Amino acid sequence: MNLLRCLCLWGALWSVVAQGQALTGPTIHLVAGNGVSDRNPVSDFMYFVPLISVQPLASVTSRGSTQEAHMVGVAHRTSGSGFVTTCDFEFDGRGLQESLVDIGLQIHKRERELKAGGSMQRQLKSIVVNGGGAISVEVEGVMSNGVRVVTEVRLRFNARGGKSPVSITLCDVHWADGKFRSYNEVVATVNALTFRRTAAVPKMEVSVASIKDKDVGDSMWQNFKGTLKGAAVNLFLPPIVIEETGNHAILDFGLAVVAGEPTFTFPHAKNLIVGRIPEDPFR
């Protein structure tokens with residue numbers, strides 16, 4: 001009887017531990033170096049995407065991907081009660097890391113409106129990291145009663161004048177000829193994402209390098225036009241509402257960088273789809 005009770009207690013304890021493990025995201029290393037232990041899969045670094053997303057999405061890494069992220073240096077600067085820390089990362093290796101939004105779920109919620117002639121504008125379909133690049137994490141904050149408080153974090157994907165490896169695909173959606181259709185599909189190269197501490201609904205600011213139709217070529221002229229469009233879009237691109245948990249996680253990540261912590265563990269992303277790829281509603 002005592003043995004049975006012990007086994008039941010052990011099973012309950014294991015269940016609690018397993019649930020606790022499930023409620024955390026990946027741990028990334030924040031130590032400058034080129035050792036194997038200092039490197040992180042790019043998918044782990046980009047785990048903040050499902051954390052901030054208000055829509056369910058899946059994280060997909062291309063087969064044979066060698067993409068890794070590692071910290072290469074950090075610099076601190078103080079001015080009065082304020083501080084600024086800049087932490088440089090490198091994305092290297094080949095492959096793709098994709099965050100695929102379950103856009104079909106949003107279409108289902110607005111099915112009646114769409115079939116009545118309505119449309120959904122500028123819907124996010126995916127976020128892609130293609131290959132490598134130089135990444136900078138810029139953290140700003142203040143000292144309050146001797147405690148560091150991070151007020152803003154900027155993720156720059158075009159650090160040191162390089163080209164950003166991060167892009168997003170957007171589309172409009174409407175109902176035509178008996179099915180849902182995607183149109184005005186564009187790809188925007190993302191230069192920076194900005195997160196701020198706020199008591200209001202958290203939002204993320206997005207700065208793009210270029211924006212162009214998905215099906216156009218990669219000629220110099222098309223790229224030039226895309227850059228002009230990107231500059232224009234930045235003038236009126238509204239901030240995007242994000243999950244509060246994700247916003248806090250980014251600020252905590254910034255604090256870990258400032259404090260010189262060797263690692264940072266993301267919280268669990270409730271909107272991350274595990275075990276399946278979102279179905280394409282436009283087939």
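This is a predicted model: local features need pLDDT of at least 70, side-chain atom pairs count only at pLDDT 80 or more; totals for chains, interfaces and linings use all residues.
**Entry 1**

I began with Asp-38, which I found in the loop between strand S1 (24–29) and strand S2 (39–41). What is the nearest side chain of opposite charge to Asp-38? I looked it up, and Arg-39 is the one, 7.4 Å away. Since a salt bridge needs a side-chain nitrogen within 4 Å of a carboxyl oxygen, I noted Asp-38 as buried yet without a salt bridge. I then listed what Asp-38 touches, leaving out residues up to four places away in sequence: His-29, Val-31, Gly-33, Ala-69 and His-70.

**Entry 1: where Arg-39 goes instead**

Arg-39 made me curious, and I followed its side chain. Arg-39 meets Asp-92 in a salt bridge, at 3.2 Å from N to O. Asp-92 belongs to strand S5 (residues 82–92) and Arg-39 to strand S2, so this pair ties together parts that are 53 residues apart in sequence. I checked the accessibility of Asp-92 as well: at 26% relative accessibility, Asp-92 is partly exposed.

How many salt bridges does the model have? My count came to 17 salt bridges. I looked at Arg-110 and Glu-113, whose side chains meet at 2.9 Å, N to O. Arg-110 is partly exposed at 29% relative accessibility, and Glu-113 is partly exposed too, at 37%.

Next came Arg-196 and Glu-205, a salt bridge with its closest N and O atoms 2.4 Å apart. I have Arg-196 down as partly exposed with a relative accessible area of 35%, and Glu-205 as partly exposed with 34%. Tracing onward, I found Arg-196 and Glu-205 in a network of salt bridges that also links Glu-138, Glu-140, Glu-152, Arg-154 and Arg-156.

**Entry 2: aromatic rings**

I turned to the rings and counted 9 aromatic pairs. One of them joins Phe-45 and Phe-253, and I read it as edge-to-face, with 6.2 Å centre to centre and 90° between the planes. The pair links distant parts of the chain: Phe-45 sits in helix H2 (residues 42–45) and Phe-253 in helix H7 (residues 244–259), 208 residues apart.

I then widened the view and found one aromatic cluster, made up of Phe-45, Tyr-47, Phe-89, Phe-91, Phe-253, Phe-264 and Phe-266.

I made a separate note on Trp-175: the charged end of Lys-115 sits over its ring, 4.6 Å from the ring centre.

**Entry 3: positive phi outside glycine**

Asn-145 has a phi near 55°, a positive value in a residue other than glycine. I placed Asn-145 in the loop between strand S8 (133–144) and strand S9 (147–156), and at 80% relative accessibility Asn-145 is exposed.

Where does Arg-160 lie? I found it in the loop between S9 and strand S10 (166–176). Arg-160 is exposed, with a relative accessible area of 53%.

Notes:
Residues are numbered from 1 along each chain as its sequence is written. Side-chain values use heavy atoms; hydrogens and water are left out. Helices (H or I, at least four residues) and strands (E, at least two) are DSSP runs, numbered from the N terminus. Buried means under 20% relative accessible area, exposed over 50%, partly exposed in between (1.4 Å probe, protein chains only). Lys and Arg count as positive and Asp and Glu as negative; His and the chain ends are not counted. Contact means heavy atoms within 4.5 Å. Rings of Phe, Tyr and Trp (its six-membered ring) pair if their centres lie within 6.5 Å; planes under 30 degrees apart count as stacked, over 60 as edge-to-face and the rest as tilted. A charge sits over a ring if NZ of Lys or CZ of Arg is within 6 Å of the ring centre and within 35 degrees of the ring normal.
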